[in-house]
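Trainee: I would like to learn how to read the features of a structure one at a time. Could you take me through them slowly, giving the general idea before each case?

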Amino acid sequence: MSSSSSSSSSSSSSKSWIINGLAIGAAMAAALGARAYLARSGRFRSRVIGIIPARFASTRFQGKPLVHILGKPMIQRTWERAKLAATLDHVVVATDDEKIAECCQGFGAEVIMTSQSCRNGTERCNEALQKLGKKYDIVVNIQGDEPLIEPEIIDGIVKALQAAPDAVFSTAVTSLKPEDAFDPNRVKCVVDNRGYAVYFSRGLIPYNKSGKVNPHFPYLLHLGIQSYDSKFLKIYPELEPTPLQLEEDLEQLKVLENGYKMKVIKVDHETHGVDSPEDVDKIEQFMRERNLS
């Protein structure tokens, strides 16, 4: 098979598992009794909250949520983008830091104070949800270091989880740039042909025997945003850390290692996450070039 034919086939396959996965998820909803649930609640997993976990202490970039990007704190830009998502009934910031809390309250965000013992954003989301005392069916964990997150991506992962009752978690991926193939800060993902996650890694996956990037293979970059069934979110902190999770330092691997299903959608999105101080200059340049205020 020629390389161009292989590339076309891979691209077609990449699109088909998204479409087929959503269709299968919807069909399974009916098969598993979602119709009865719909009759009671009006819509499966209908109540949705977005939580932006933010902490001041960071080994790579201390105080990252408060760094200014073209005159606004990064956490404010993320919050403003999240508020545009049509599927979110409510958006809050969850933090353990008074400086971040004061900043967020200054621009109008609701803040939930959480403990410093939270080991990751997922646990912080869970604590914030418990402190809110309101019932939600889906919790969206919105990464505070994605100030240009598209509201449509938030809506996409929410709808994917609503359409897949056998999944407890949903997330998004986009095409991986060749220059990011071996960057450990760019998490890669592989997905099965029904749109469920198989594995995540800081290394390049799949990894071929030549040890080089295959320019014709549709490698996938994981976007940090993820959503959970709220019942599963309560269980998550009680699950013991798993070997793959600890080795890769990726919290979503604990979900997969414990046998839970994770729905994945592919989106066309140029990621602009802020992982280091150098990324601030890059994102500001990008925004100036596109007249983004």
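This is a predicted model: local features need pLDDT of at least 70, side-chain atom pairs count only at pLDDT 80 or more; totals for chains, interfaces and linings use all residues.

Trainee: What separates a cavity from a pocket?

Mentor: Both are found on a 1 Å grid over the protein atoms alone: a cavity is a set of points where a 1.4 Å probe fits but cannot get out, a pocket is an open set with protein on both sides within 12 Å along at least five of seven lines, and lining residues have an atom within 4 Å of a point. Grid points are joined across faces, edges and corners, and a volume is the space filled by probe spheres set on the points. Here, the second largest pocket has a volume of about 360 Å³.

Trainee: Which residues lie nearest the centre of the second largest pocket, and how does its lining divide by class?

Mentor: Of the 16 residues that line the second largest pocket, Asp-180, Arg-186, Thr-271, Asp-279 and Lys-282 lie nearest its centre. For the classes, Ala, Val, Leu, Ile, Met, Phe, Trp, Tyr, Cys and Pro count as nonpolar, Asp, Glu, Lys and Arg as charged, and the others, Gly among them, as polar. On that scheme the lining of the second largest pocket has 9 charged, 5 polar and 2 nonpolar residues.

Trainee: How many cavities does a search of the whole structure find?

Mentor: The search finds 1 cavity of 30 Å³ or more, and the space in the largest cavity is about 40 Å³. Its lining consists of Ile-142, Gln-143, Glu-146, Ile-149, Leu-223, Gly-224 and Ile-225, which by class are 4 nonpolar, 2 polar and 1 charged.

Trainee: Is Arg-186 buried or exposed?

Mentor: Buried means under 20% relative accessible area, exposed over 50%, and partly exposed in between, with a 1.4 Å probe and protein chains only. Arg-186 counts as buried because its relative accessibility is 16%.

Trainee: Where is Gly-273, and what does Gly-273 touch?

Mentor: Gly-273 is in the loop between strand 11 (262-266) and helix 10 (277-289), and Gly-273 is buried because its relative accessible area is 12%. Not counting residues up to four places away in sequence, Gly-273 touches Asp-145, Glu-146, Arg-186 and Asp-279.

Trainee: How should I read a pair of aromatic rings?

Mentor: A pair of aromatic rings is described by the distance of the centres and the angle of the planes. Rings of Phe, Tyr and Trp (its six-membered ring) pair if their centres lie within 6.5 Å, and planes under 30 degrees apart count as stacked, over 60 as edge-to-face and the rest as tilted. This structure holds 5 aromatic pairs. One of them, Phe-169 with Tyr-228, is edge-to-face, with 5.1 Å from centre to centre and 85° between the planes. That pair links distant parts of the chain, since Phe-169 is in strand 7 (residues 169-175) and Tyr-228 in strand 10 (residues 220-229), 59 residues apart. Both Phe-169 and Tyr-228 are buried.

Trainee: Which residue lies over the face of Tyr-236?

Mentor: A charge sits over a ring if NZ of Lys or CZ of Arg is within 6 Å of the ring centre and within 35 degrees of the ring normal. Lys-254 lies over the face of Tyr-236, 3.9 Å from the ring centre, and ring pairs link Tyr-236 with Phe-232 and Tyr-260 into a cluster.

Trainee: What is there to read in the backbone angles?

Mentor: Ile-205 and Pro-206 are joined by a cis peptide bond, with omega about -10°. Arg-45, a residue other than glycine, has a positive phi near 50°.

Definitions and conventions. Residues are numbered from 1 along each chain as its sequence is written. Side-chain values use heavy atoms; hydrogens and water are left out. Helices (H or I, at least four residues) and strands (E, at least two) are DSSP runs, numbered from the N terminus. Contact means heavy atoms within 4.5 Å.
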